[in-house]
Amino acid sequence: MKIKMLAAASALALLSAPAVAQDKAVKIGFITTLSGPQAIIGNDMKNSVELALDHLGRKMGGLPVEVIYEDDSFKPDVGKQKSEKLVQQDKVNFVSGYIWSNVLLASLKSVTDDGDTILVGANAGPSQIAGELCNKNFFTTSWQNDQTTMAMGEKLNKAGVKKVYLMAPNYAAGKDMLAGVRRSYKGEVMGEDLTKWPDQLDFSAELAKIQAAKPDAVFVFYPGAAGVQFLTQYSQAGLKGKIPLYTAFTIDATTLPQQKDLALGVLGAQTWVNDLPNDANKKFVADFKKKHGTYPSFYGQQSYDAIMLINSAVVGLKGDLSNKDKIRAELKKANFTSTRGPFKFNTNNFPIQNVYIQETVKDSDGNLTLKTVETIMTDFKDPYHEKCPMK
Amino acid sequence: MDPQLTLYLIQALNGLQLGLLMFLLAAGLTLTFGIMDLVNLAHGSLYMMGAYFAATFISLTDSFLLGALLALIASLVLGIAVEVIVMRRLYRRDHLDHVLATFGLILFFNELVRAFWGPAGLTIAVPSWLAHSVQLMPGVIYSAYRLAIIAVGLLVALFLAWLVTRTRTGMWIRAGASNRTMIGALGVNVQLLFTLVFGLGSVLAALAGLMAAPIVTVQIGMGDNILILAFVIIVIGGIGSIKGAFIAAMTVGMIDTFGRAFLPELLKLFLSNSAASTAAPALSSMMIYLLMAGILVWRPTGLFGARS
Amino acid sequence: MLDVNALRNPRVMITLLLLIAAVLVPFFAGNFLVSFGSRIIIWTIAAISLNVILGYGGMVSFGHAAYLGIGGYAVGIMAHHGINSGFLQWPVAMLASALWALAVGALSMRTRGVYFIMITLAFAQLIYFVGVGLEAYGGDDGLTIYKRSEFAGILSLKNRATFYWTCFVLMLGVFYLCHRLVQSRFGMVLQGSKSNDLRMRALGFPTTRYRLTAFTLAGAMCGLAGALLANQTDFISPAMMHWTASGDLIVIVVLGGMGTLFGPLYGAIAFFVLEESLKPLIDWVRPGWGDYWRLLFGPLLVMVALYARGGLDSLFERAARPRHG
C-alpha cells in the first residue's frame, strides 16, 4: 500500500516538473579531461571547440550556442556522473567530447538511453559501441579503435616486418588497438604486454622483454602523457634506432613538445594529419596556429569536426530541435565539410574514411610536426559494423 | 651469454632499482612512524613536492645536480614547516586523527600543485651525462640513469644503517621506536629530535621523488599510489625498523618486476590470451598484498617490529 | 514513544527536520537533486556500517570500501548474467560482503593498532585488484548495468523518486538496527572493549568474538549500500573500492561524529554538500578559483582532526549548551 502511494506520488512529481523550453539556445555539453597530466589533450580539444565557435560566429542556425565543459578527471565513474549532470541538470541538446573509451562506455547509457540525448563522440571509439551496443543516439567524428591499427597492421605487412612485439595500456581502447593489429598483420606476434592503466609509468620490465625477444619491430599505443614516458624510456633502454617503432595515437601535437627529437622518424597511423590538403583543414590549422602558436592535434581536429557536424544538423533544421528523429536523420547525412576531406557515416554511425601513415619531421621553422607519407587505406570501414543491428 | 639468463639479470636489476626507490620512501616513513607513532599519509605528498621542486630548480639552474640539491633543501624546509604547523599537534592524538589530518594534507598539496604549477605536469630530462646505456656484461645492456638510482639508493641505505646503529641520534631513534617514554627520561630534547627525524624523512621522500621523475615524469598525485606501497613495505618490515624496510622493499620490488615480466606467460598456459594479459598485472599487484596479509597473520607486528 | 522533552534537544530537532525535509525532496527537487540525495543516503548507510565498528568498536578499518565494491559487483555480475531479481541480488550482495568481512575480520583481529589499519587496507587492495583483473566484467573499465534490480513489479527502481524513497526507508531501517544494537548487551560489550579490552576480557566476555560479529554485520550493511550504489550509478568499477573511497568513508564518519547515532548522516550531508557547493561558492567570491576548492577542503579536514573531535554532532550539542546552562 505504502509503496503504491509512493509510486503515485512520484508519478505526480514527475508530471509536475516544468517542461523545458529548448528553443532559445543550442546547448552542448562537452566532456573531456581538464585536470591531471592528460589535461593537455583536454585543453587542445577545448581550444578547437572554441575555434569552431569563432568560425561559426557563436551561432548555429541563428541561435546562440552555449558550450558547458565538464572534466572527467580521467576516470570512468566521474565521467559518468558529469554526463548525467549535463543531461539531467543542464538539459543540453547534445553531449560531445570523450577522450577515453572506458569513460565513454561508462557514460553511454546515461546519455543515450536514460537521457535520450544525442552524443557526438570526438575521440574514443570502442569496439562495443561500433558493434553490438551501437546506438541511434551515438555518432562519432573520430574512428573506431581497431580501424586505425588495422591500417597499421597493413603497413607492417608492407614494410616486410616478420616478427612484431605489441604493447598497450590495459583498458578498453588498448585491447581494441592490439586486436586491430592482430586482425590485419600477417607475420608473427612475438609477445604482447598490456600494462596497468593509468598508474604504471615505468616500462622497464616490459622493455627488457622486448630487448631479449629481438623482434623486427615494436608496435605501441600510449596516448597522451604516457606516450612521452614510453618514448623516453624506449630510448633510455637503448632500443631507439635498433628496433623500429610503429605507433598509433602515441605521437601528436600535444605530446611532441615533450617528446622532441625522440619522435623523429617514428611512424604512426591516423585518420587525419595536419597537412591534409583540403580547404577546410587549411583554414582550421592556420587559424589554430595563429591563435595558439602551436599545431592542432587530431583530438582538436575531431572536436572541431564534432561542432561543425552539430552545426550542420541545427542549420538543416533551421534551429528547430524539438524532433529527435529529425536531428538524427540530419546528423546521419554528415552534411558538413570535414577537415579530413571525404567523410560519411556507416550504418553504425562511425565514419567511413581514409587512414594515413604519418611521420614526425621538422617544418621550415625547425619546429617538430607531423607529415603525411602515405594513404594506407581508402574509404575504410571498421570491422564491427556488421554486428550492429542498425541498418 | 644465454638470452634467458640475460633477461633474468636485467629484470633483477629492474627489481633492485624499483626496490631501492621504494626503500627511500619507506625509510622516512618508518622512522617517523617508529619514533613518533605518527601515521603520515602525506608522506607521498613530500615525494611529489620533491619532484616538482626539482623540475623547477633544474630548469632554473640548468644543472641537474644543483637543481636536485636545491630541491632537497626546499623539501627539508617544507617538511619542517609541516611538522611545526600540523604534525606537532598530532603526536598525542590517536591514529584515526592522523589518518584524517594527513588525508586532508594530501588533498591540499595536490590542489596546491595544480594551482601553482598547472594541471599538465612537468618533465625532468635525464641529465645528459647519464642519458646512455652501459654494457655491464656481454649482452647485458642497462640504462646508466637507472644504475645511478641503484648507486644512490645503496649509499643512502648504508648511511641510514650507520646513522641508526653507530650514532647517538640513532640510539635515540631506536630507543624511541621501542619505548617512547624512555627517550624523554634520557634527557633528550624530544621535540627537536622529532623535528629532525621528520625533516630527514621528508628529504628522503623528496630524493625518491626527484630520482623517479625523469622516468615517470612529474605529476599531480604521483605520490598517492606509491605511498600505499611504502606503507605495505614498512608494515611487512615491522614499523620503525630500517633493516625490515630494506628487506621488504627489495622483496616488493622483485615481486612487482618479476610478476609483470613473467606472469603473463605463465598465465597463458591456463587462460586465454586476453584474460591472461588482464589478470597478470592485477595478480602481480595482489601478490604484494597477499604477502603482507600473510606476514601479519603469521607475525602481527611485521618481520622486525618491536612493538604493536 | 518519542519523549516531548527530547524535542528541545537541538540535535533531535535538527535530525527530525532533516529527515522530514529528506522525505519531501522528490516533490520539489529536479532529477539531479533527487539523484544527489540518493547518493548521500547510500553513503550514509555505508558510513553507519563503518561507524558501528569504528565509532562504537574502535576498529579503524581502512578498507571499508571493499564491501561497497563486493555488494556492487554482486549486483553487477548477476545483472550481467541476466539475473535481475532484487530479492536474489541484494541478499547475495549482503551475504558475500558479510562472508568476506568475516574472513578479513578473523585474520585482522590478530593485529592491533596501526597494523590493524594496514591489514584491513591490504585486504581491500586485494579485492580492488581482483576487480581490476576481472576481464569478463570489464576489468579496470568497469561494467554498465543495463537493468536495475527488479522486485516482481512491486517497486520500479528506474523511477528516481521511488529509488530515492527505497534508499531512504532502508536507511531508516539501518539506523534503527544500529540504535538497537548499540543499546543492547552486545553493544555495551563492544563499546567496553573499545575503551578497555583487557578489563572486558577479565570480566569473562570473549571480546574477539563480539568484535568479529560486529565486523561481519558491518560488512553486510555496507554490502547493501554497495548494491544500492550499483543501482544508483548503473555502473560498477574497481574505482568504488579504491583506497581513497575508504578514506572518504572515514572522513564522513569522523566529520559527522564518531560513535553517535546520527553522525554518519550529518557527515555524509556535509561531505557531499561541501564537495558540490565549495566550487560554485568560491567561484562566486572569486571567479575562476572554484576549481581549487580542495585548497580549502583539505585544511578543513585538518582542522576537524585537530579541533573538532566530536564532529558535527558535538557541534550541534555545543550550540545547545548556552540555553541549557
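Q: How far apart are the centres of domain 1 and domain 2 of chain A?
A: Taken over C-alpha atoms, the centres of domain 1 of chain A and domain 2 of chain A are separated by 28 Å. This is a predicted model, in which local features need pLDDT of at least 70, side-chain atom pairs count only at pLDDT 80 or more, and totals for chains, interfaces and linings use all residues. Residues are numbered from 1 along each chain as its sequence is written, while chains are lettered from A and ligands numbered from 1 in the order in which they are written.

Q: Where are the two domains of chain A?
A: Domain 1 covers 24-143 + 277-352 and domain 2 covers 146-270; the bounds come from an automatic or database domain assignment.

Q: How many residues does each put into the contact?
A: Domain 1 of chain A gives 19 residues and domain 2 of chain A gives 14 residues. Two residues are in contact if their C-beta atoms, placed from the backbone, lie within 7 Å.

Q: Changing topic, how many residues of chain B and chain C are in their contact?
A: Chain B supplies 41 residues and chain C supplies 38 residues.

Q: Which element gives the largest share on the side of chain B?
A: That is α4(B), with 16 residues. Helices (H or I, at least four residues) and strands (E, at least two) are DSSP runs, numbered from the N terminus.

Q: And chain A with chain C, how many residues there?
A: There, 22 residues of chain A are in contact with 24 residues of chain C. On the side of chain A, the largest share, 6 residues, comes from α3(A).
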